[in-house]
Amino acid sequence: MAFYIDAGKDGSSGEIAYLLKKCILHCPKRWTEIVFLCIGSDRVTGDCLGPYIGHLLTPHETGHIFVYGTLSSPVHALNLEKISSLIKKFHPHALVIAIDASLGQKKHLGYVTIGNGALYPGAGVQKNLPPVGDIHITGIVNTAGLMEHLTLQTTRLSTVVALADVIAGGILKILPAEADLSASDPHSEHSHSALLHAHA
């Protein structure tokens with residue numbers, strides 16, 4: 001089940017933080033660190049949502065929070081499988097939160113979706129890429145329909161930046177400034193709650 005949030009409404013970043021907490025707490029996976037996998041290309045306006053969010057999150061990386069996919073080092077169709085393999089190798093016990101732009105109905109333009117389960121990157125533009133992530137976040141940057149590639153190329157940068165700012169703002173509300181998950185049993189509910197409520 002995915003939640004829809006109107007990024008244009010006041011308090012939307014707080015709603016994103018609340019729903020992301022909810023998804024993390026309902027994820028059955030045992031984890032000791034979080035990986036944000038931000039997918040997209042900086043060469044296409046509508047597809048740069050993920051890399052821009054990665055750019056905003058990177059300064060907040062810690063020993064337990066990692067970001068893959070930024071404006072300078074994007075994760076896209078050509079290297080997604082390689083990066084996914086690296087994440088599995090170097091972060092075998094990570095909770096992976098996958099972030100990408102998407103196309104949707106006109107009424108949902110400017111909305112954010114959050115849900116448990118994998119993200120299917122490239123599905124909107126008929127790309128056959130492997131599903132990634134334990135939790136997915138998407139920003140609906142434009143309407144689906146014919147000529148999706150052209151739609152992404154002609155998407156307004158202001159739409160993408162506004163969505164990215166709200167999504168990153170919501171994520172940063174739940175990231176601890178200086179939480180050390182190794183201080184307690186990383187598989188316990190206590191350590192997860194400490195992480196999630198550090199900035200509640």
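**View 1. Strands E4 and E6 of the predicted model pair in the parallel sense.** Residues are numbered from 1 along each chain as its sequence is written, and side-chain values use heavy atoms, with hydrogens and water left out. Local features need pLDDT of at least 70 and side-chain atom pairs count only at pLDDT 80 or more, whereas totals for chains, interfaces and linings use all residues.

**View 2. Six strands form an open sheet with mixed pairing.** The strands follow the order E1-E5-E6-E4-E2-E3, and the edges are formed by strand E1 (2-6) and strand E3 (65-68), each of which pairs on one side only. From one strand to the next the twist averages 20°, with axes taken as lines fitted to C-alpha atoms, for helices over the stretch in contact, and angles running from 0 to 180 degrees between N-to-C directions.

**View 3. Helices H2 and H3 lie across strands of the sheet.** Helix H2 (residues 49-57) lies across strand E2 (33-38), E3, E4 and E6, and runs at about 140° to E2; contact means heavy atoms within 4.5 Å. Helix H3 (residues 80-90) lies across E2, E3 and E4, and its direction is at about 175° to E2.

**View 4. Ser84 is a buried residue of helix H3.** Ser84 has a relative accessible area of 13% and is therefore counted as buried, which means under 20% relative accessible area, with exposed over 50% and partly exposed in between (1.4 Å probe, protein chains only). Not counting residues up to four places away in sequence, Ser84 touches Leu37 and Val132. Ser84 and Val132 are 48 residues apart in sequence, yet their C-alpha atoms are 7.6 Å apart in space.

**View 5. Helix H5 has 18 residues.** Spanning residues 157-174, H5 reaches 26 Å from its first C-alpha to its last, close to the 26 Å expected at 1.5 Å a residue, a span defined as 1.5 Å times one less than the number of residues. The buried residues of H5 include Val160, Leu163, Ile167 and Ile174.

Definitions and conventions:
Helix = DSSP H or I, 4+ residues; strand = E, 2+ residues; numbered from the N terminus. Pairing = 2+ DSSP bridges.
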